[in-house]
Amino acid sequence: MKKHFTQLKNHVRSFKDANNPLFRALYWTLKKPFEIKKLLTDGSHRSVVMTKLTAGQHAHQLVNYTTPHRYPAVFRACAEYFAAAQPLTLLSFGCSTGEEVFSLRTYFPHAELVGVDINRRNIRVAQASRQKDARMIFCTELPAQGQYDAIFCMAVLQRTENRLPDTTDSGQIYPFHRFDTQVTLLDERLRLGGLFVIDNADYRFEDASVAAKYLPIEHPPRKQRDRPIFDRNNQRSLVPYDNPRVFKKIAV
Ligand SMILES: C[S@@+](CC[C@H](N)C(=O)[O-])C[C@H]1O[C@@H](n2cnc3c(N)ncnc32)[C@H](O)[C@@H]1O
């Protein structure tokens, strides 16, 4: 039954760009019932929609895709950087359902780990999967107090719509100042000598207002950005970007 439904759904999806206007009309007519069904049956999707409605200007990327051990080279490099320093407090900002934090635990067995995600359901799922780890907390807001030795901000400061080929100006979708304000707020919570770890962002960390306080760490290797990147004026940049992902804070 489910298989047939998926086949039907994919078939209807193919009508979206059909030459025949009748098929295109059929696509738009059927889209709404599919959306309603997804809203009713898929709790994860529903939580993303609810967060979109309630979070307003605070929301960055709300799609909550994540996977365990998504950034092994980056996490390994961070663990090597801190080898001698104990104890550590690490923040995963935009941790989704917690996999990033659970992965960090394998690299930092003794650290205090804080996972923050604006989506309440994500935090409930993370808390349920946490087991008995007393040095791991999950919350929907950045705790009011506390400094961190490393802040991980992975696949958060971006929007899916910015990947569409015809998006040349991100100003209406996710303007630079939203990225910059969040980076500045996180910078205030990072200790001198700490690491700002960022990947899959729509803007360059080097363009952020606080960037002069940081130096990129060359290990792990830079990553060639395979998605569009935008400049401080929200314009899609045509210059290829080798993306450093780990920055050391060298000034306050
Ligand atoms: C694509 S997921 C990234 C998950 C994980 N960091 C990774 O890279 O696998 C983006 C997450 O950022 C969260 N998010 C978006 N805006 C946020 C905000 N203002 N504060 C905290 N989390 C936020 C979303 O709810 C979502 O779970």
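Biologist: What should I know before I start?
Modeller: The model is predicted, so local features need pLDDT of at least 70 and side-chain atom pairs count only at pLDDT 80 or more, while totals for chains, interfaces and linings use all residues. Residues are numbered from 1 along each chain as its sequence is written, and side-chain values use heavy atoms, with hydrogens and water left out.

Biologist: Okay, strand S1. How many of its five residues are buried?
Modeller: Four of them, so S1 (residues 89-93) is mostly covered. Buried means under 20% relative accessible area, exposed is over 50%, and partly exposed is in between (1.4 Å probe, protein chains only). Strands here are DSSP runs of E with at least two residues, helices are runs of H or I with at least four, and both are numbered from the N terminus.

Biologist: Which strands does S1 pair with?
Modeller: S1 runs parallel to S2 (residues 112-116), joined by five bridges. S1 also pairs with S4 (residues 148-154), again parallel, over three bridges. Two strands pair if DSSP finds at least two bridges between them.

Biologist: Which residue in S2 is the bridge partner of Ser92?
Modeller: Gly115. And over in S4, Ala150 is the bridge partner of Leu90.

Biologist: New topic, the ligand. How many residues surround it?
Modeller: 22, and the closest are His58, Thr66, Tyr71, Glu100 and Asp117. A residue counts if one of its heavy atoms lies within 4 Å.

Biologist: What polar contacts are there?
Modeller: A polar contact is a pair of N or O atoms within 3.5 Å; within protein, one must be able to donate a hydrogen and the other to accept it, and residues adjacent in sequence count only if both atoms are side-chain atoms. One of them puts a polar side-chain atom of Tyr71 2.5 Å from a ligand oxygen. Another has a ligand nitrogen 3.2 Å from a polar backbone atom of Ile118.

Biologist: And Gln131, what's up with its phi?
Modeller: Gln131 has a positive phi of about 55 degrees, although it's not a glycine. Gln131 is in the loop between helix H6 (120-129) and strand S3 (136-139).

Biologist: Is that residue buried or exposed?
Modeller: Gln131 counts as exposed, because its relative accessibility is 68%.

Biologist: What about Asn200, buried or exposed?
Modeller: Asn200 is buried, because its relative accessible area is 8%. Asn200 has a positive phi too, near 50 degrees, and is found in the loop between strand S5 (190-199) and strand S6 (214-216).
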